[in-house]
Amino acid sequence: MAKLNLVIADSDEEYLNGVVTFLSEKYLTRFKILSFSQKESLINFISTHTEKLDILLISPELYFEEISNLNISLVGILSTGRLSREYKGCEIVLKYQLGENLVKNIINLYSDKTNEIIITKGQNDTKVVAVYSSSGGSGKTTVSYGCSVKSIHLGRKAFYLNLEESASTPMLFGTSSQYNLSHVLYYLKSKNKSLSLKIEGIKVIDQETGVHYFNPPVNHQELLDIEPSEYFDLITHMKDMNQYEALFVDMPCFVEKRMISVLDASDTILYVLNPNQLSRIKLYNFINELDILDKAYKQKLLSKTVFILNRAFNGEQGYEIFRDILDGIGMNISHVLPESPNLYTYQNNRIVPDLSGKFGRALEEVVESVI
C-alpha cells in the first residue's frame with residue numbers, strides 16, 4: 001500500500017516537533033508527513049496542493065471553515081479535553097496520548113472513513129507456523145511464544161496469534177490497548193474492505209520483546225462463533241499482508257473443523273510432544289482423528305508437520321515412547337527441547353520464560369528450520 005498523506009497542524013511547536021519526530025522514526029513507511037504551526041502557511045499549502053490528503057490532524061486554533069469542503073478522508077481535531085464548539089464532519093483525536101495509541105487511533109478512524117479497498121503490503125515472505133498439541137500442559141504456549149521472541153532475536157519480524165479459548169496472552173505480555181481480537185473478529189465477519197489496515201490499528205507491539213500480538217477477546221466464547229472459512233481467511237489475509245517473516249499460531253488442544261482450517265492455512269505445523277504415556281495416547285488419537293479426512297488431505301497435513309519433543313531428560317530420552325507411532329506414518333522427532341526446571345520467572349506482573357540457556361538455543365534451531 002502507498003503511504004498515507006498525513007498533515008499535522010498545531011501552533012504548539014514543541015508538541016508538533018515531538019509528534020513528527022516520533023512518526024518519522026517509527027512510521028516513515030506508513031505516512032508521508034507534513035507539518036504546520038502557522039494557519040497562513042497551512043492555508044497556502046492546502047489551496048495549492050493538488051494531491052489528495054488522506055489525514056489532517058489539526059488543533060482548534062488553526063482550524064478554518066473551508067476545511068469541511070475539502071476532499072480529505074479524515075479530519076481529526078486535536079483535543080486536550082472539552083471543545084468550545086462542534087466541528088462538523090470531523091473526528092476528535094486526543095492530543096496527548098502515547099504515540100503508538102495515536103497511530104492506532106487515526107488508522108482505525110481513517111479505515112472507517114474511506115470507501116477504498118485498502119491492503120497493506122509489506123516486503124516479507126510470511127511463514128505461518130501453527131503450534132499444536134493434543135495434550136494440555138505440553139508447553140505449546142511456551143514454544144509458540146518462545147519461537148516468536150527468538151525470531152525477533154534473529155532479526156526477523158514476528159507475530160504471536162493466540163487462538164486458545166482461555167488465552168495466556170495477558171500473562172506473557174500484559175494488556176495495553178483498548179483494542180483486542182474481538183475487534184479483528186468483528187471486522188473479519190463483516191468482511192471489512194480495510195481489514196489489513198484494521199489489523200494494523202488493533203495489533204499491539206510488546207515493548208519488552210518486540211513481538212506483535214492481539215490482546216485476547218473480552219469474551220472467549222466469541223471464538224466459538226467463528227466459521228472455519230473465517231479462520232482460514234484471517235490466517236491467509238495476515239500471510240498475504242507480508243508484514244511479518246513469521247506468524248506463530250498458538251492453537252487449542254482439540255481438533256475440529258475450525259482448527260483444521262488453521263492447520264490447512266499454515267506452512268508448518270509444530271506438534272509438541274512430552275516424554276510420557278499420556279502424550280503418546282494423545283498422539284495416537286490425533287493420528288486416528290486425521291483418518292476421518294480423505295487420504296490425500298491427511299497426507300498434506302502430515303507432510304508439513306514437524307514433531308518436537310519438549311521437556312526431554314538426558315538428550316534423546318523419550319524417543320522410544322513414540323517410535324512405533326511415528327514409524328507408522330513415516331516420520332520422526334525433528335527437535336528436542338531439554339527439561340528446564342527454572343524456566344519461568346515473574347517480572348513486572350508477567351511470566352517471563354528464560355530463553356538464554358539450552359532451551360533457548362534449542363528453540364533457535366526450531367525457528368531457523370521453519371522460517
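Among contacts in the protein chain (heavy atoms within 4.5 Å) between residues at least 6 apart in sequence, 74% join residues at least 24 apart. Keep in mind that this is a predicted model, where local features need pLDDT of at least 70, side-chain atom pairs count only at pLDDT 80 or more, and totals for chains, interfaces and linings use all residues. Residues are numbered from 1 along each chain as its sequence is written, and side-chain values use heavy atoms, with hydrogens and water left out.

Let's step back to the whole chain. Its C-alpha atoms fill a box of roughly 80 × 40 × 35 Å, taken along the principal axes. The secondary structure comes to 13 helices and 15 strands; these are DSSP runs numbered from the N terminus, with helices being H or I of at least four residues and strands being E of at least two. Of the 371 residues, 52% count as buried. Buried here means under 20% relative accessible area, exposed means over 50%, and partly exposed is in between, using a 1.4 Å probe and protein chains only.

Now zoom in on helix 1, which packs against helix 3 (residues 99–113) at an angle of about 80°, with the axes 11 Å apart. Those axes are lines fitted to C-alpha atoms over the stretch in contact, and angles run from 0 to 180 degrees between N-to-C directions. The two helices are therefore roughly perpendicular to each other, a label for angles of 65 to 115 degrees, while under 35 counts as roughly parallel, over 145 as roughly antiparallel and the rest as oblique. On the helix 1 side, Val 19, Phe 22 and Leu 23 make the contact, and they meet Gly 99, Glu 100, Leu 102 and Val 103 of helix 3.

Is Arg 30 buried or exposed? It counts as buried because its relative accessibility is 6%. Its side chain makes a polar contact with the side chain of Glu 200, at 2.8 Å. Such a contact is a pair of N or O atoms within 3.5 Å; within protein, one must be able to donate a hydrogen and the other to accept it, and residues adjacent in sequence count only if both atoms are side-chain atoms.

Next, the aromatic rings. Rings of Phe, Tyr and Trp (its six-membered ring) pair if their centres lie within 6.5 Å, and planes under 30 degrees apart count as stacked, over 60 as edge-to-face and the rest as tilted. By this rule there are 15 aromatic pairs. Take Tyr 132 and Phe 286: their ring centres are 5.4 Å apart and their planes at 40°, so this pair is tilted. Tyr 132 lies in strand 6 (residues 127–132) and Phe 286 in helix 10 (residues 277–290), so the pair ties together parts that are 154 residues apart in sequence. Both of these residues are buried. A stacked pair is formed by Phe 173 and Tyr 213, with 4.2 Å centre to centre and 10° between the planes. Tyr 132 and Phe 286 turn up again in one aromatic cluster with Tyr 271 and Phe 307.

Finally, visit Tyr 186 in helix 6 (residues 181–189). This tyrosine is exposed, with a relative accessible area of 56%. The C-alpha atoms of Tyr 186 and Tyr 27 are separated by 26 Å, and the two residues are 159 apart along the chain.
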